[in-house]
Amino acid sequence: NALMRRRPEIFGCRSPRKVSWRGSRPLCLSHPLVREFYSNLAGALARDEEAGYAGVIFFPGDSDPEMCDDHCPRCTASGRGRWEIMVEHVNRLYAALQSGSGRIPLYFCLWNQHLHGGLDNIRSVVRSLSPGMGICMSISDGVVQERRGGRIAFDQPWCNVIEPGELFSEAAKLAEAESRPFMVFGEIAQSEVWDPVCHNMPLPAKTLGLLQNAEAAPAVDGVCDFWGHRHPFLPHANFSAMRSYFQGSAGDAAGDLRTAARWHYAIPEAREDLTDIALGAWEKFDRAVDRWALLMWGQRFSFAIGRAAARGRTYGPLIPPVLGGRWLKCVPSHPSCADIAGAEHFLSLQKEDQAAFAACAGSFDSLSGTLSSAGCESAAFARREAANIRLASELIVSEARFLLAIRLFAGSSWERLREIVLEELDARERQLVISGACGEGAGVDPALVEEDIQNMRLFLSAGCFPNVPDNWFQLTPCPYTL
């Protein structure tokens, strides 16, 4: 703000409706001072030999490029499109990074390309990048699956989706044809770490599969764990799988997985029986995740994406200002939940998934007990994994109740809505208890969830139910919501 007051001419314009929390006045890439600033910044990185930068990944923006759009008079007058301006900008950065003795590699991220022309835009962008510049992309971009809940398309890294998507595969071929290095984006440690309610979810078989698929793709020279590890930095089954893949000697997926289990739980080599029990728990959860009735982006293992592990796109209090208010602009839609009958069916599927996930949590509890009896300190890791999976089993159904409640509210189905709110009240109480067992860095935020509980109780107890005025409720604002 201070810089904008001093030098307003170096700022451009973008639509205030596009990712508005980042502002609508970006530095204008068509202004010579801005171009010089970024080139000098990249040049400083190249000259900093002591830092020893191994490479730079350039992320252009999330759902929309972080730059001016047609609201900017200067960019519009240049006669160039947004992606042309972006590519010229990245090419200048690459030239500056090559100016030092280290010649720092640069990877340009192709992100959410399904929103920007798909393969046609990918071809145009990649062919315009400077020779030698790398590209990076989510391995699951372009994957379409028929799940129990309906068809779902994947366009970002998902820790439970490892198959190469159509957009990824075509981009990899293009990189190979142009001799460009190609970095694979995947989720290994966490899922959408802005708010990972469930921490260190164990999917080591998926991690191994991701690495195998990445190695088999053309031009790939590395894998980026997109979100990375986070506090608390506890042993992670997925990291053990990664270590086994790169350091193990088995040479096959089953052998690498066995090695990962032994390493993760510090199981003595003579206790193959303990390793078998650990593998059984892992495989059971892997099967439950594959069967999970996925519909939408909001079901990633972050679940309640929003501040402080509470309230997100599909996890909010079931009250009038939410179910019929502006929050709904952030709720993803899917044809399978377009009406009450569809949303009821989805809820039934998620309750089946809840039972499957809860059974998996029981298997990890049993593993923890067996490890403890064997004197293995790693029993605490299995116990924490059990709690986080059990919390996931509850959140799965909360999301489905939220979607159904929206349809019930719109259809004035008040008695059924009352039943669903009562169910959600019970679920929120359980989630608070389970979160206490998840350990540091995991679980829902008790203050916000308790606020949701009080709001839902007020809704049901009001004599004017369901016509309770919005101003009766108190909601602490959170990102993605209010």
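Contact means heavy atoms within 4.5 Å. That rule decides what covers what in the first section below.

## Basis

This is a predicted model, in which local features need pLDDT of at least 70, side-chain atom pairs count only at pLDDT 80 or more, and totals for chains, interfaces and linings use all residues. Residues are numbered from 1 along each chain as its sequence is written, and side-chain values use heavy atoms, with hydrogens and water left out.

## Helix 4 and its cover

Helices (H or I, at least four residues) and strands (E, at least two) are DSSP runs, numbered from the N terminus. Helix 4 covers residues 82–97. The expected span of a helix is 1.5 Å times one less than its number of residues.

Buried means under 20% relative accessible area, exposed over 50%, and partly exposed in between (1.4 Å probe, protein chains only). The buried residues of helix 4 are Trp83, Ile85, Met86, Val87, His89, Val90, Asn91, Leu93, Tyr94, Ala96 and Leu97. Their cover includes helix 2 (32–47), helix 3 (73–77) and helix 5 (119–128). Strand 1 (56–58) and strand 2 (106–110) are also among the covering elements.

Histidine 116 sits in the loop between strand 2 and helix 5. Its relative accessibility is 17%, so histidine 116 counts as buried. Leaving aside neighbours within four places in sequence, histidine 116 is in contact with Ser63, Asp64, Pro65, Trp83, Trp111 and Asn121. Aspartate 64 is 52 residues from histidine 116 along the chain, yet their C-alpha atoms are separated by 8.5 Å.

Asparagine 160 lies in the loop between strand 5 (150–154) and helix 6. Asparagine 160 is buried, at 6% relative accessible area. Not counting residues up to four places away in sequence, asparagine 160 touches Leu203, Lys206, Val289, Trp292, Leu294 and Phe301. Asparagine 160 and glutamate 187 are 27 residues apart in sequence, and 8.3 Å apart C-alpha to C-alpha.

## Backbone exceptions

Most residues other than glycine have a negative phi, and most peptide bonds are trans. A cis peptide bond joins histidine 231 and proline 232, with omega about -5°. Proline 232 is in the loop between strand 7 (220–225) and helix 8 (237–247). Another cis bond runs from phenylalanine 465 to proline 466, with omega near 5°. Proline 466 is in the segment after helix 15 (446–461).

Serine 179 has a positive phi of about 55°. Its place is the loop between helix 6 (166–177) and strand 6 (182–186). Serine 179 is exposed, at 64% relative accessible area. Serine 412 also has a positive phi, near 55°. Serine 412 lies in the loop between helix 13 (379–410) and helix 14 (414–438). At 43% relative accessibility, serine 412 is partly exposed.

## Cysteines

A disulfide is a pair of cysteine sulfur atoms within 2.5 Å. A search of the whole structure finds 0 disulfides. For cysteine 28, the nearest cysteine sulfur is that of cysteine 75, 3.7 Å away. Cysteine 28 is buried, with a relative accessible area of 0%.

## Cavities and a pocket

On a 1 Å grid over the protein atoms alone, a cavity is a set of points where a 1.4 Å probe fits but cannot get out. A pocket is an open set with protein on both sides within 12 Å along at least five of seven lines, and lining residues have an atom within 4 Å of a point. Grid points are joined across faces, edges and corners, and a volume is the space filled by probe spheres set on the points. The count comes to 4 cavities of 30 Å³ or more. The largest cavity has a volume of about 80 Å³. Its lining has 16 residues, with Trp158, Cys159, Ile162, Glu187 and Leu210 nearest the centre. Helix 7 (204–216) and strand 6 each give two or more residues to that lining.

The second largest pocket holds about 170 Å³. Its lining includes Pro26, Tyr38, Phe58, Glu66, Met86 and His89.
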